[in-house]
Structures are given as structure tokens and as C-alpha cells.
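Subject: Structure handover

Hello,

I am passing this structure on to you. Please look through it before reading the notes below.

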Amino acid sequence: MALKGRRILIGITGSIAAYKIPLLIRLLKKSGAEVKVIMTESATNFVTPLTLSTLAESPVFIDPFDKRTGSWNSHIELGNWADLFLIAPVSANTLAKMASGIADNLLMTTFLAARCPVFFAPAMDLDMYRHPTTQRNIKIIRTFGHRLIEPKEGELASGLCGAGRMEEPEEMMKIISAFLEPHQDFSGKNVLVTAGPTYENIDPVRFIGNYSSGKMGFAIAEVMAQKGATVKLIAGPVHLPTPQGAIQRIDVQSAREMYAACTTNAAEADIIVMAAAVADYQPKTASEKKIKKTSHSLSIDLEPTHDIISKLSENKKPGQVIVGFALETDNELANARIKLQNKKADIIVLNSLNEPGAGFQSDTNKVTILDRKGNVKDFGLKPKTEVASDIADHILTFSGQAEQK
Ligand SMILES: Cc1cc2nc3c(=O)[nH]c(=O)nc-3n(C[C@H](O)[C@H](O)[C@H](O)COP(=O)(O)O)c2cc1C
């Protein structure tokens with residue numbers, strides 16, 4: 001069972017939807033999870049700490065301090081204890097605090113200190129939900145990598161009808177279980193992922209590089225490993241820790257090294273995802289000594305680097321799926337289609353530099369996925385881990401379609 005022994009921290013705020021949480025706690029306990037609950041002061045008006053502590057079999061945390069005894073509840077410990085922190089329901093007020101880091105209660109200090117994945121499920125009346133500040137706050141919180149459980153349309157406590165109704169406890173259980181024990185869709189598959197920039201040496205102290213952070217490729221490696229794959233992650237020079245799971249990391253520096261690592265490891269891969277931003281050009285020769293400054297202009301002769309994806313496509317083995325990335329600044333879709341054809345890739349993930357919050361360095365991305373079967377799918381701005389899941393899902397669908405042919 002996915003939830004047996006897993007530690008779920010639930011944060012409850014002042015919304016009428018708090019009445020659903022006792023049922024959620026019952027479901028979690030039944031499936032073997034350990035549950036702790038933090039409430040805001042306001043939440044105690046909607047559901048009693050006694051009900052929650054009885055169902056959770058653990059005292060409920062509300063105040064940071066006990067004035068009588070001088071004891072205090074450690075937000076750090078609570079944040080470190082949890083495998084998953086679910087804040088549900090989240091009021092508009094707490095959403096605003098989460099977006100701006102206001103730490104004026106135990107729930108908020110724990111939120112800021114939590115190292116585990118955070119899910120948040122807003123619940124409010126439809127006008128509060130669609131207010132620009134609420135929408136902006138949700139967008140900001142998602143850019144931190146926290147996962148939104150979107151409210152549903154339906155009858156609201158106010159008697160109005162619309163979006164704002166918190167997801168039902170049974171559905172929230174499914175979301176939590178799927179996250180903590182994802183489907184092992186890639187079990188037995190070898191996946192090769194490239195990530196980050198390349199540095200092309202000009203001399204011993206200078207290079208030609210680019211702004212890629214490696215976050216997208218690392219997120220893909222992480223998600224693939226979570227879904228059961230054995231992953232080789234070929235990483236250019238980045239400052240990122242290797243994600244948890246069955247991931248072997250191979251560090252490279254230049255396009256030449258990236259090419260060598262890819263061609264050596266491609267044959268055993270069932271799926272290849274080329275998320276690295278590999279240099280298109282490299283200096284013909286790198287000076288062995290530091291080039292001295294003079295008053296004259298300086299030209300550096302550049303030559304094209306190997307086209308890794310075309311080479312891998314040329315040697316593609318039956319059933320292998322090759323995914324390329326395209327970062328375009330103009331005629332995006334047309335250029336991505338050309339890349340799909342010219343490079344003989346199966347799938348191209350197009351990200352645009354024109355989208356705020358997407359592309360290099362950012363924790364979020366907005367992509368369009370195209371494949372050679374003619375499927376084109378647009379996605380909204382999302383954390384890179386969610387984009388990685390969308391790419392994984394598309395690979396599965398694409399492979400399924402390929403098998404039927
Ligand atoms: C009966 C009642 C129902 C409420 N329901 C909601 C709600 O569903 N969503 C919401 O954002 N605020 C709701 N509020 C307002 C919040 O309780 C209020 O903004 C409070 O300050 C939230 O505090 P907290 O975020 O610290 O829990 C409701 C208030 C009342 C009196």
C-alpha cells in the first residue's frame with residue numbers, strides 16, 4: 001500500500017471546506033499513514049481540534065507557544081517529520097501569506113521550513129477564487145514548485161455555483177497515493193537524459209557557454225526514476241545535486257564530451273531525452289595559454305559542433321524513442337516542426353524564451369510537445385517537475401501509438 005508508514009502533515013485553515021478533513025484523516029489512517037495536523041486559529045472555528053486529534057491519534061498543533069508552561073512547538077521538526085505536507089483547505093488569506101512568506105503562525109512557519117513536497121488545495125467562494133490577487137498568489141506559489149490541487153466547479157457553501165469547491169477527500173487520497181507511489185510505467189526501461197549547458201574552451205580561463213541551469217533535464221531524470229526507469233544523466237557544468245533514485249550521473253564539460261558520452265551510452269537506452277543546451281559552435285582551437293589583452297580586436301574561429309541528436313537518430317535501434325528540445329525565439333512552432341523532421345526525432349519539446357517564467361534558469365516552464373505522428377499539445381506554465389511528468393506521459397502515449405501501428 002502506497003501510504004503505509006508514510007508521514008502526512010495536514011495544515012488546515014479557516015474555510016468551510018475544513019469539514020472534509022476529518023474524513024480525509026480517516027482514509028489516510030485506514031491506509032496505514034501517520035498523520036499530524038496543524039490548524040490556524042481561524043480553522044478551529046470550523047472543525048474542532050478534538051475531532052481531528054482523535055482521528056489522527058495525535059495532538060493537534062495550533063499555537064507556536066504554550067504561555068503557561070513556556071513550551072513551544074517546533075515548526076522545523078514538523079517540517080522535517082513529514083513525507084508530504086498537504087495544506088487543505090487553503091483560505092485566500094493563507095494563500096496570500098504563502099505567496100509572500102508571511103510567517104505569523106505555526107502553519108506558515110512550518111510551510112516555510114518544510115523540506116518535503118507541499119500540496120495545497122484552495123477552497124473559497126467563486127468571486128474570491130477568481131479575484132486577480134488570489135489567481136496571482138496561486139501562480140506565485142506554483143513557481144516555488146508546490147503542487148496545486150485545483151478546486152472543482154460546483155455548488156458552494158454560499159449557495160453560489162462555480163469554481164472554488166475543494167476536491168473531495170477520496171480524490172485527494174488518490175492524488176497523494178499516486179505521488180508517493182507513482183505508477184512504475186517505466187519499470188525495466190533504460191533512459192538516457194542530457195541536461196545543462198556545455199562550455200567550449202577559448203583558453204584555460206575562458207569559455208563559450210549558455211544560461212542553461214540543467215533544472216529541466218534533472219527534473220526529467222528524477223521523474224523517470226520515480227516511475228521505475230534506470231536513468232543515466234549526462235550533465236553539463238551545473239550546480240545541482242543528483243536527484244534521488246536509480247540515477248547514474250556522468251559529468252561532462254564540452255559539446256565534444258557530451259557527444260562522446262551520448263554515443264557511448266545510447267545503444268542500451270530505450271528512451272533518450274536530450275534536454276541539454278549543447279553549443280552549436282566551438283573554437284577551432286583552444287589556446288593553451290591565457291590570451292593576453294591587447295588594444296587590437298580579436299577574432300575567434302568557430303566550427304560547428306557534432307549534431308548529437310541527428311547522430312543518435314541515425315543509429316536508432318528499433319523501438320527506441322528519441323526526444324529533443326527546441327528553444328526558439330521566433331517562428332517557434334514552424335522551427336520546432338523543421339527540427340522534428342531534420343533531426344529525425346520522435347518528439348520535440350518546444351520551450352519559448354518569449355514566455356515569462358519559462359526557459360533557462362527558471363523553476364517553471366511552458367512547453368508545447370510535438371511528435372512525428374502529428375500530435376501537438378500545448379501546456380500552461382508549470383513547475384519543471386510537472387512538465388517532466390507531462391513529457392513522460394507523452395512518451396508513453398507515443399510509444400503506445402507506435403506499437404499499434
Ligand atoms: C462562515 C465562514 C466561511 C468562510 N469560508 C472561507 C473559505 O471557504 N475560504 C476562504 O478563503 N475564506 C473563508 N472565510 C474567511 C476566512 O476564515 C478568513 O479570511 C480567515 O482570516 C482565514 O484565516 P486563516 O487563513 O489564518 O485560516 C470564511 C469565513 C466565514 C465566517
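This is a predicted model: local features need pLDDT of at least 70, side-chain atom pairs count only at pLDDT 80 or more; totals for chains, interfaces and linings use all residues.

Residues are numbered from 1 along each chain as its sequence is written, and side-chain values use heavy atoms, with hydrogens and water left out.

Domains. The protein is divided into domain 1 (7-180) and domain 2 (190-404); such bounds come from an automatic or database domain assignment. Taken over C-alpha atoms, the centres of domain 1 and domain 2 are 37 Å apart. Five residues from domain 1 and seven residues from domain 2 make the contact (heavy atoms within 4.5 Å).

Largest pocket. A pocket here is an open set of points on a 1 Å grid over the protein atoms alone, where a 1.4 Å probe fits, with protein on both sides within 12 Å along at least five of seven lines; lining residues have an atom within 4 Å of a point. The largest pocket holds about 1,700 Å³ of space, a volume being the space filled by probe spheres set on the points. It is lined by 45 residues, and G145, R147, F179, T385 and E386 are the closest to its centre. Elements giving two or more residues to this lining include α8 (169-180) and α13 (384-404); helices (H or I, at least four residues) and strands (E, at least two) are DSSP runs, numbered from the N terminus. Because domain 1 and domain 2 both give residues to the lining, the largest pocket lies between them. The lining divides into 19 nonpolar, nine polar and 17 charged residues (Ala, Val, Leu, Ile, Met, Phe, Trp, Tyr, Cys and Pro count as nonpolar, Asp, Glu, Lys and Arg as charged, and the others, Gly among them, as polar).

Second largest pocket. About 910 Å³ of space lies here. Of its 39 lining residues, A276, A277, V278, D280 and K339 are the closest to the centre. Strand β16 gives the most to this lining, with five residues. The lining residues comprise 16 nonpolar, 16 polar and seven charged.

Helix pair. The axes of α4 (residues 92-100) and α5 (residues 106-113) come within 10 Å and cross at roughly 40° (axes are lines fitted to C-alpha atoms over the stretch in contact, and angles run from 0 to 180 degrees between N-to-C directions). T94, K97 and M98 of α4 meet L107, M108 and F111 of α5 in this contact.

Regards
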